[in-house]
Every structure is written in structure tokens, then in C-alpha cells.
Amino acid sequence: MSTPPHDIVFLTSEIYPFSKSGGLADVMGILPLTLSRLGVRVAVFTPFYGRLSTGQYPVHLVYENCPVGYPWFDSTADIYMANYHGLPVYFIERGEYFDRRHYYCTHKGDYFDNCERFIFFCRAALCAIRHMGLGTRIVHAQDWHAALAVAYLAFWRRTDPFWAGMRTVMSIHNLAYQGRFSYRLFEQSGLPHEAWNMEGVEFYNSFNLLKAGVAFADRITTVSPSYAREIMTPEFGCGLEGILTRRKADLIGILNGADYAIWSPQHDPVLECTYSADQPEGKKECKAALLQSLNMRPELADRPVLGFIGRFRGQKGIDVILESIPEIMALDVGFIALGEGKAEYEAAMMNIMEEYPGRVVGVIGYTEEISHLIQAGTDIFLMPSRYEPCGLTQMYSLSYGTPPVATAVGGLRDTIIPYPQEGANGFVFNEPTRESLVQAVRQAVAVWDDKAAWKTLQINAMRANFSWEKSARRYMQVYAGLHADLFAQEGGAL
Ligand code: ADP
């Protein structure tokens with residue numbers, strides 16, 4: 001187990017396998033680990049949720065009553081730790097904030113005290129760094145939940161020598177989620193009044209946590225080069241395009257990778273039969289098993305089955321899929337969707353399932369295992385996202401030989417080589433509309449009918465390699481740009 005110093009400390013609201021509601025958790029489950037395998041002294045801080053899957057990684061108390069020191073009352077957090085393959089993962093425990101059934105919201109909406117919860121998380125993590133003597137040089141905050149840590153440090157380091165050398169990186173995994181709250185909560189955050197202006201945390205009279213991170217971080221990263229360009233435009237900037245453009249020199253797009261230890265059909269323990277680019281036959285068995293387990297028509301074994309996995313939200317274009325179903329079904333295909341989200345989309349999915357018995361199945365819920373079975377057991381993966389910072393599910397679908405049909409946005413643009421280009425591994429289209437999606441699906445089904453062409457596409461897909469090591473080295477360059485001496489001992493490691 002590594003011991004302090006922890007040069008780089010990640011602050012994240014989710015980390016797989018302990019907590020997960022989407023891609024952020026997957027990234028946190030592998031990026032810090034890859035860095036640590038490259039010799040970087042790294043640790044992670046995350047909340048100790050009630051719904052924590054500690055499983056095979058026991059969590060133990062390492063620091064009791066760490067003073068968090070709100071400006072208006074004294075508060076403490078208990079710090080727990082798990083050893084995740086040698087990576088120290090610290091959990092901030094404070095029952096009244098984190099011991100709940102969900103992470104951020106219930107079906108009725110966001111928790112009323114989310115701002116307070118994540119103010120607490122950020123302050124507690126920073127205080128733990130200090131009180132536990134972790135020797136941290138760079139705080140790397142993920143998304144709005146951790147963004148305030150960046151803002152606190154920007155002010156604390158002006159006056160307190162302890163923080164003076166500390167540098168910050170703010171990573172944006174999804175700009176649409178900014179954490180916007182009222183001025184009253186800004187007053188409770190303990191940030192100085194000078195932070196409340198258009199170049200700081202204020203956003204149309206609200207307290208915007210992600211903007212605080214963007215405004216005050218030494219470097220800003222996001223999860224694909226295309227998304228880094230897109231978020232500087234009004235179409236994708238979610239109102240922050242101005243400040244992001246002003247910070248262009250410090251904004252870097254680094255493509256996420258895929259964790260092939262978890263997402264490879266070659267050794268996926270939940271599959272009926274493993275397979276690979278060299279021995280792809282097992283995919284058929286995975287498909288047959290999936291069709292059977294979902295009571296789908298066995299004839300679909302000889303027709304393409306389309307898959308979707310993701311949040312039932314406008315971002316993912318699930319509404320576009322639902323709208324397109326009659327035309328897609330006319331192509332004599334099957335469709336399986338796994339997801340949860342907006343009640344209206346969940347209900348529409350159930351109605352469509354009734355309309356196409358044995359051909360369309362909607363699994364409403366969040367089930368890690370089924371997501372693997374769908375990746376392996378379907379033929380074509382649908383991803384008509386309106387925007388996509390990076391997108392991991394298409395990288396997984398490529399790995400499982402299930403070529404994606406996706407919009408040409410963000411990370412989808414950076415990871416899919418569209419048919420009929422040389423080396424094609426999927427299909428892309430420009431507008432997330434019914435017409436464009438149906439046209440692209442038609443094209444994909446036509447290529448599927450040409451067995452040789454499909455095989456080439458599938459093999460290209462399975463050979464795509466989104467290595468985390470390459471991305472982790474890019475992060476190391478960002479860190480080295482902030483503390484030139486950080487990896488000096490590694491010599492040529494960068
Ligand atoms: P986002 O983070 O925007 O939701 P990504 O494609 O980056 O989208 O990552 C989504 C992650 O969440 C993937 O690991 C995907 O398999 C998983 N996922 C999404 N919805 C579900 C679900 N309903 N059940 C299981 N896993 C899901």
C-alpha cells in the first residue's frame with residue numbers, strides 16, 4: 001500500500017466499483033489507478049455513501065474527527081480508506097450528508113441540500129489533506145461536486161503558506177451539470193465576497209459551482225478534444241462558453257480510455273461464451289443466450305439486434321430512438337434498451353415493448369451485469385446523443401464487436417471511424433433527428449447483410465484500442481506543467 005506523500009489527489013463524487021451512476025465513476029475507477037501504475041503518487045477522495053459497494057475492498061477508519069471548520073460552526077468528518085489495487089481511496093464520512101439511498105436525487109428531484117453536501121465534501125477533503133499530512137501538490141477536481149475545492153484553494157493559497165504551492169486541475173465530464181444554487185448558499189460556502197462576480201462564481205445571479213472551478217483552476221481539462229472545442233461555442237457551452245473561451249490557453253481535451261480489464265469479451269466473466277477479434281464465434285452464443293433470457297424471438301438470431309444502454313435523458317437521444325422505432329422495426333430487426341431516467345421515456349419504452357412483443361425489450365433499471373450482456377449480445381449499438389463529452393459505452397461496444405451508430409459529436413467523433421472510410425468501425429450522422437437516425441440504421445443494416453463487409457467492420461471495432469495509459473501520460477504532462485519537478489525522478493516517464 002502506498003503511503004503519503006500523495007502528490008496528486010483526486011476529488012470525485014463517484015468511483016467504480018464503490019459508487020457509480022455513469023461514466024465519471026468508470027473514469028475514476030481507472031485513471032488514478034493507471035497513474036499510480038505509472039509511478040505517480042496519487043490518492044482519491046470521495047463521499048462515504050450509504051450505498052457504497054465495498055465488496056472485496058474493506059474500508060477502515062484512518063482518521064477520526066477531522067476538523068472541517070466551516071466558518072459558521074465547527075464540524076468534523078471521519079475519514080475511511082480502502083486499498084483499491086494499491087490505490088488509496090479515502091471516504092469522507094458524515095452520515096447526515098451521505099448516508100442516503102441515492103447519490104444526488106430521488107425520483108422526485110435533487111436532494112434539497114446538495115450544495116451544502118458538496119461544500120462539506122470539498123472542505124473536508126482539503127482539511128484531511130492538511131491534517132493527515134498527505135503532502136499533496138495538486139488537487140484534481142472532477143465535475144461540479146468537487147469544483148469548490150479549486151475555488152477555496154485559489155483564495156487560501158494567497159494568505160496561508162501551507163496552501164501556497166498547491167496547484168489545481170478542474171476536469172469537466174459533463175458541462176450540462178453545473179451545480180447552480182442561490183446566493184444564500186454562496187454566503188454559506190465561506191468563499192470571500194470578491195468571488196461573487198461575472199469572472200468568478202456568479203452566473204446570472206446564481207451560485208455556479210462548476211463555474212467556480214473553471215474560473216479559478218490552474219488548468220481545465222475535459223474528456224475529449226472535440227468536446228474541448230465544442231464547449232467554447234454557444235451550442236454546447238451551456239452558458240459557460242464565454243469564460244471557457246477566455247480560458248482557452250488552459251483548456252485541454254484528453255480522450256478517456258476504456259478499462260479493458262472490465263470491458264473485454266475475451267475475459268468477461270458474465271458472458272455465456274468469451275470471444276475476441278481472432279476468435280469471434282462466441283458472440284453468436286452470447287446473442288442467442290441474451291435473446292432467450294429476454295424471451296425474444298429466436299429468428300432474431302439471423303437478423304440484426306440493436307442495443308442501447310444509457311440514461312433515459314434528452315442528452316442520450318433516447319426520445320429520438322423511441323420516435324424512430326416504427327421505421328427501424330420495418331427493417332426486420334430487434335431492439336433492446338437498458339436504462340432509466342425521465343418517467344415519460346420509461347413509459348414510452350414500455351408501450352413500445354407491448355407493441356412489438358418478442359422484438360423490442362426495454363429493461364428499466366441500472367444493472368451492471370445486463371449492460372455487459374447487451375454489449376456482447378447485440379449487433380449494432382445506438383447512440384444518437386445530442387452532445388457527448390466523451391462517451392464510454394461506444395468504446396465498450398467497439399470492444400465487444402458491436403459497431404456503434406452515433407451522432408458526430410464530442411467524443412463520438414473522436415472514437416468512431418465512420419463507414420465507408422478506410423478502417424471504419426461504425427456509422428455516424430450529423431443531426432440527432434429521426435430521419436438521420438433511421439437513415440444511418442438503414443445503412444448499418446445494409447452493411448450487416450453483406451457478411452464480409454460486416455466482419456471487417458466488426459474486426460476493426462474490436463481492434464480499436466483506447467488505452468488509458470496514453471491518456472494518463474497526457475494528464476502527467478498537465479501536472480508537470482504545474483510542478484515541473486513532479487516526475488523528475490521518472491526521467492523519461494512522460
Ligand atoms: P454518461 O456518463 O453520460 O452517463 P457514458 O457513456 O460516459 O455516459 O458512461 C455510462 C456508463 O454507465 C457506462 O459504464 C454504462 O455501461 C453505464 N450505464 C448507463 N446506464 C446504465 C444502466 N441502466 N445500467 C447499467 N449500466 C449503465
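The shell around the ligand in this predicted model divides into 6 nonpolar, 9 polar and 5 charged residues. Of the 20 residues around the ligand, those that come nearest are Lys-20, Gly-23, Asp-26, Arg-311 and Gly-365.

| Residue | Protein atom | Ligand atom | Distance |
|---|---|---|---|
| Lys-316 | polar side-chain atom | oxygen | 2.9 Å |
| Thr-367 | polar backbone atom | nitrogen | 3.0 Å |
| Leu-392 | backbone N or O atom | oxygen | 3.0 Å |

On its own, the ligand has 560 Å² of accessible area, and the protein covers 93% of that area. Several elements give two or more residues to the shell around the ligand: the helices α1 (23-28), α13 (368-377) and α14 (393-399), together with the strand β16 (334-339).

Another part of the chain to look at is the pair of helices α16 and α17. Helix α16 spans residues 434-449 and helix α17 spans residues 451-463. The two helices pack with their axes 5 Å apart, at an angle of about 110 degrees. Because of that angle, α16 is roughly perpendicular to α17, as angles of 65 to 115 degrees count as roughly perpendicular. From α16, the residues Ala-444, Val-447, Trp-448 and Asp-449 take part in the contact, and they meet Lys-451, Ala-453 and Trp-454 of α17. By class, this contact of α16 with α17 holds 5 nonpolar and 2 charged residues, with no polar ones.

One runs from Tyr-16 to Pro-17, with omega near 10 degrees. Pro-17 sits in the loop between β1 (8-11) and α1, and α1 is one of the elements that give two or more residues to the shell around the ligand. The other cis bond runs from Tyr-419 to Pro-420, where omega is near 5 degrees. Pro-420 is found in the loop between α15 (410-415) and β20 (427-429).

A further spot concerns the phi angle. Asn-295 is not a glycine, although its phi is positive, at about 55 degrees. Asn-295 has its place in the loop that lies between α10 (282-293) and β15 (305-309).

Terms used:
Residues numbered from 1 in each chain as written. Predicted model: local features only at pLDDT ≥ 70, side-chain atom pairs only at ≥ 80, totals over all residues. Heavy atoms only, no water. Axes fitted to C-alpha atoms, helices over the stretch in contact; angles between N-to-C directions. Helix = DSSP H or I, 4+ residues; strand = E, 2+ residues; numbered from the N terminus. Parallel < 35°, antiparallel > 145°, perpendicular 65-115°, else oblique. Contact = heavy atoms within 4.5 Å. Nonpolar A, V, L, I, M, F, W, Y, C, P; charged D, E, K, R; others polar. Near = heavy atom within 4 Å. Polar contact = N/O pair within 3.5 Å; in protein donor to acceptor, adjacent residues only side chain to side chain. Areas by Shrake-Rupley, 256 points an atom, 1.4 Å probe, with all protein chains shown as cover.
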